[in-house]
Amino acid sequence: MLCAVIYMMMSCVCSAGLMDHPTVAVIPFSNQAASMTHKAIDGDLEEMRTITETDLLSTGRFKIVDRVTVDKLIAEHEFDRSGLVDPNTAAKLGKMLGAQYLVLGTLTNLSRSGDKNSAHVTLRMIAVETASIALAGRGSAKTSDSISETLIAATEDALDGKRGILTMLKGGKK
């Protein structure tokens, strides 16, 4: 049953042109982790965004809108970064950027227990034309590494892990 649902979802994604090198804009990641909201995380959010852009580009399946262009448009049109999580607002931004899809990244949980850091990240690929979620992935990591390394591991899991968006593009198999 699950395989049938994934197959139907992939058929929709393929027929929607996602597999034809669509233009994708990765917007700034948001921090919804209540426990850690200090400025140090902002740099990590940018690193998570860079990893997402790089990994998407390295698949050879996407064209990526330049980050400077994305950030400039966000600033010029006074889009509130927290408002970008809304698919309708994101779709408006995507149309202005000429992107077919926007990738929204969210740090949903960050905690420390003993000597372990734990992080959860979600990624959503929004189809600009319909303001619908074309793909969604979630990743997590629990490491004794630095917070930054834990966040990177969670982002990579949300991209190419068991429930990652790139894994979904491959038919849901790692």
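**Burial and cores in a predicted model**

Author: In this predicted model, the buried residues of helix 5 are Thr 150, Leu 151, Ile 152, Ala 154, Thr 155, Ala 158 and Leu 159.

Reader: What makes Thr 150 of helix 5 count as buried?

Author: Buried means under 20% relative accessible area. Thr 150 is listed as buried, so its relative accessible area falls under that cut-off. Of the 174 residues of the protein, 45% count as buried.

Reader: Why is the span of helix 5 called close to the expected one?

Author: The expected span is 1.5 Å times one less than the number of residues. Helix 5 has 14 residues, for which 20 Å is expected, and its first and last C-alpha lie 20 Å apart; therefore the span is called close to expectation.

Reader: What makes a set of residues a nonpolar core, and which residues have the most contacts inside the largest one?

Author: The members must be buried, of nonpolar type such as Leu or Met, and joined through side-chain atoms within 4.5 Å. The largest such core has 31 residues, and Leu 56, Leu 107 and Met 125 have the most contacts inside it. Among the elements giving two or more residues to this core are helix 2 (40–58), strand 4 (101–113) and helix 5 (147–160). Another core, of 15 residues, lies apart from it and includes Val 65, Leu 73, Phe 79 and Ile 126.

Reader: Which residues does Leu 56 touch, leaving out those up to four places away in sequence?

Author: Leu 56 touches Val 24, Val 26, Phe 62, Ile 64, Val 103, Met 125, Leu 159, Ile 165 and Leu 166. Each counts as touching because heavy atoms lie within 4.5 Å.

Key
Residues are numbered from 1 along each chain as its sequence is written. This is a predicted model: local features need pLDDT of at least 70, side-chain atom pairs count only at pLDDT 80 or more; totals for chains, interfaces and linings use all residues. Side-chain values use heavy atoms; hydrogens and water are left out. Buried means under 20% relative accessible area, exposed over 50%, partly exposed in between (1.4 Å probe, protein chains only). Helices (H or I, at least four residues) and strands (E, at least two) are DSSP runs, numbered from the N terminus.
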